[in-house]
Every structure is written in structure tokens, then in C-alpha cells.
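I opened this entry to note what I looked up, one topic at a time. The sequence and structure come first.

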Amino acid sequence: MNVSFFDDHPEPADIRAEVLAGLTQPEKRIPPKFFYDEQGSRLFDAICELPEYYPTRTEIGLLRQYGAEMAELLGHDVVLIELGSGSSLKIRTLLAALRPRVYIPVDISREHLLRSAEGLAAAFPDIEVRAACADYSRPFSLPLQADDQPRAAFFPGSSVGNFEPPDAEAFLHRVGTLLGPGGHLLIGVDLRKSEDLLHAAYNDAQGITAAFNLNLLTRINRELEGTFDPAAFHHSAFFNPHDSRMEMHLVSNAPQQVLVAGETFRFSEGESIHTECSYKYSVKDFHALAERAGFKPVRVWTDDQQLFSVHGLRRGDD
Ligand code: AVI
């Protein structure tokens, strides 16, 4: 099979240091990238299928409707880098339209990445697949070769919204460096909308989003000798209009004490661990962010209800 594997996965010591640093803050927080262990990735896939979670199906609709235009913008015969290789339906739609020479899916969840890379290599035998396990929220290396020109990137799912805006800008800047002058980025960005729709999307009736959030505690128990009782916390998700973002928290049901990697953390009743921000942008605000990061907006595709946007950006020539 035409698939190779490159591993730049974070070390357990990095995970420990980041989680302990976050729990030591006056307002406790854990970065959302730690949601994605095996079970977390499975739960996220289930979220993408939920009737309330509009982003996935809306973005897939845009890829199906405008895939040919998007492929035209990215250019054929490119090396395509997919950051946070999420739903395989999205990439299948784009690969079918684009037929790149090389496809490099990048993801922090190793098993999940490998399974999907193997499936894609089997479905597209003419494309060379180089799977790369890496944490793209930090500087990372990729299995790129000197002659891998031109390059294009795909960053779907509005994962850019999980960065704080200054971090999103720094991240986009790094992507621009990877692409080189004139390289194109296709990026999915969730739009600002009614609070009711947002609230429902992050508080689904089946409780899958709550399970996804609480799974973080189970992961910490397993990987960092934690003593969290997931039943002693509950999921909370709400829109913060001031910062234009959804926030997810794990709220302590009672005063309690928890051990993580040998350190003690105290919680009062109602105190939370902030586990995720999901920023929602207007087209104009996202353009401004992209331009600060060195990209020029070329096209934007949105659905009729203005729920979601897919931007085609071109890296400036310096
Ligand atoms: C991956 N990311 C863009 C999702 C989001 O909507 O921010 C993660 C998620 N959190 C809760 N539901 C989905």
C-alpha cells in the first residue's frame, strides 16, 4: 500500500508538563488538543454525526457543492497537507476533486490517523500518502521533500477556532512558511450565529459532547496517574458574546481534592476546568486575521443559512 508513517507525537513528559501547568493557573484549564485520545477521537466522530452539530455536515455540503472550484484554486498536482485530519468524508470529497500527487495527513491521534490513512491509500491508489503524527499547535516537522512543490494545505472543521486568536495568527503564519510564497490554504471557519443554535450544538440531547468533555478526566487518570472521579464533575458549554466564542468547562459538583502526577489540586463547588474555546468569526474578522498572518483572501464559500464558511487563501509573496 502506498502509505508511509512519520512520528513527531508529543512525549508523555510534554503532556504531563502542559496539564500540570494548566491546572496550576488561577483559572484551571487544559488545552483542547488533549481531548483526542482513542476514545476522544471516537466521540468526536460521533459528535460530527449529531443532528445538532451543524458544522460538519454544512462544511461537507460546501465541499460537495464547490469542490471543483476549490480544487481549481489549490491547483492540481500539488502536495496536499491536511492539518488535523478529521472526518474522512471531507478529505475524500476533496481528494476526488483535486487528485494531488502526495497527501500528508497530520494528526495528534496516532491510531486514528493510521486507520484513516490506510483507508485513503486503499481508496486512492495513485496518491502517495505520508501520514504524520504531530501536535500542530506547536512548531512541528513534516515528511516533506525538497522537490515537494507546489504545496497546498487543508484545515477543515473550524479547528482554527480552538486557538486563541493570537495563537491562530501564529499558527497560520507557520502554515504559510510551510507552503511557501504563493501557496494556497483552504480553511473551514465557523460563523457567528444565533446563540440558540450554538448552545444546542455543544449541549446535544444524547450527551455525546458531555462524554467527550468528561473523557479528558479519564485520559488524565490513565496517563498521568490521576484520581479524578468523572461523576464528580459535569459538562458546561455556553456562548461568551464578548469574545465571540463557545466555551466548554468541566465543573466540580462539590468541594474535592484530586491527585495528578503526584500533585494535589483542590476544587471548590462550582469551580471549573476550562477545556475548550471555539471562536466564531465573521467573514470580515477572519479575513483580517488571515491578512495579519500573511495570507490574501481569494475566495470564500458559505451556505445559504450563513452557518459556516470555507476560505481560500493565498500566501503573499513576502
Ligand atoms: C474540533 N473543533 C473544531 C470542535 C469545535 O466545535 O470547536 C470540537 C468540539 N467541541 C465540542 N464539540 C466539538
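Which residues form one aromatic cluster? I found Phe 35, Tyr 36, Phe 44 and Phe 212 in it. I keep in mind that this is a predicted model.

Aromatic pairs. I then looked up the pairs and found that the structure holds 16 of them. I picked out Tyr 36 and Phe 44, which are edge-to-face, with 5.8 Å centre to centre and 85 degrees between the planes. Phe 44 counts as partly exposed because its relative accessibility is 23%, and buried would need a value under 20%. I also noted Phe 163 and Phe 171, a stacked pair with 4.8 Å between the centres and 25 degrees between the planes. Phe 163 has 9% relative accessibility and therefore counts as buried. Phe 171 has a relative accessible area of 1%, so it is buried.

Backbone. Where is the cis peptide bond that I looked up? It joins Gln 149 and Pro 150, and omega is about -10 degrees. I placed Pro 150 in the loop that runs between β4 (128-134) and β5 (151-155).

I next checked two residues for phi. Ser 158 is not a glycine, yet its phi is positive, at about 60 degrees. I located Ser 158 in the loop between β5 and α6 (165-179). Is Ser 158 buried or exposed? It counts as buried because its relative accessibility is 5%.

Gln 306, also a residue other than glycine, has a positive phi near 55 degrees. I found Gln 306 in the loop between β12 (295-302) and β13 (308-315). With 42% relative accessibility, Gln 306 counts as partly exposed, since exposed would need a value over 50%.

Whole chain. I counted nine helices and 13 strands in the protein chain. The C-alpha atoms fill a box of roughly 60 × 40 × 35 Å along the principal axes. Why does the radius of gyration agree with a compact globule? For 318 residues such a globule would have a value near 20 Å, and the protein chain has 19 Å, so the two agree. I noted that 55% of the 318 residues count as buried. Of the contacts between residues at least 6 apart in sequence, 71% join residues at least 24 apart.

How values were computed:
Residues are numbered from 1 along each chain as its sequence is written. This is a predicted model: local features need pLDDT of at least 70, side-chain atom pairs count only at pLDDT 80 or more; totals for chains, interfaces and linings use all residues. Side-chain values use heavy atoms; hydrogens and water are left out. Helices (H or I, at least four residues) and strands (E, at least two) are DSSP runs, numbered from the N terminus. The radius of gyration is taken over C-alpha atoms; the globule rule is 2.2 Å times the number of residues to the power 0.38. Buried means under 20% relative accessible area, exposed over 50%, partly exposed in between (1.4 Å probe, protein chains only). Contact means heavy atoms within 4.5 Å. Rings of Phe, Tyr and Trp (its six-membered ring) pair if their centres lie within 6.5 Å; planes under 30 degrees apart count as stacked, over 60 as edge-to-face and the rest as tilted.
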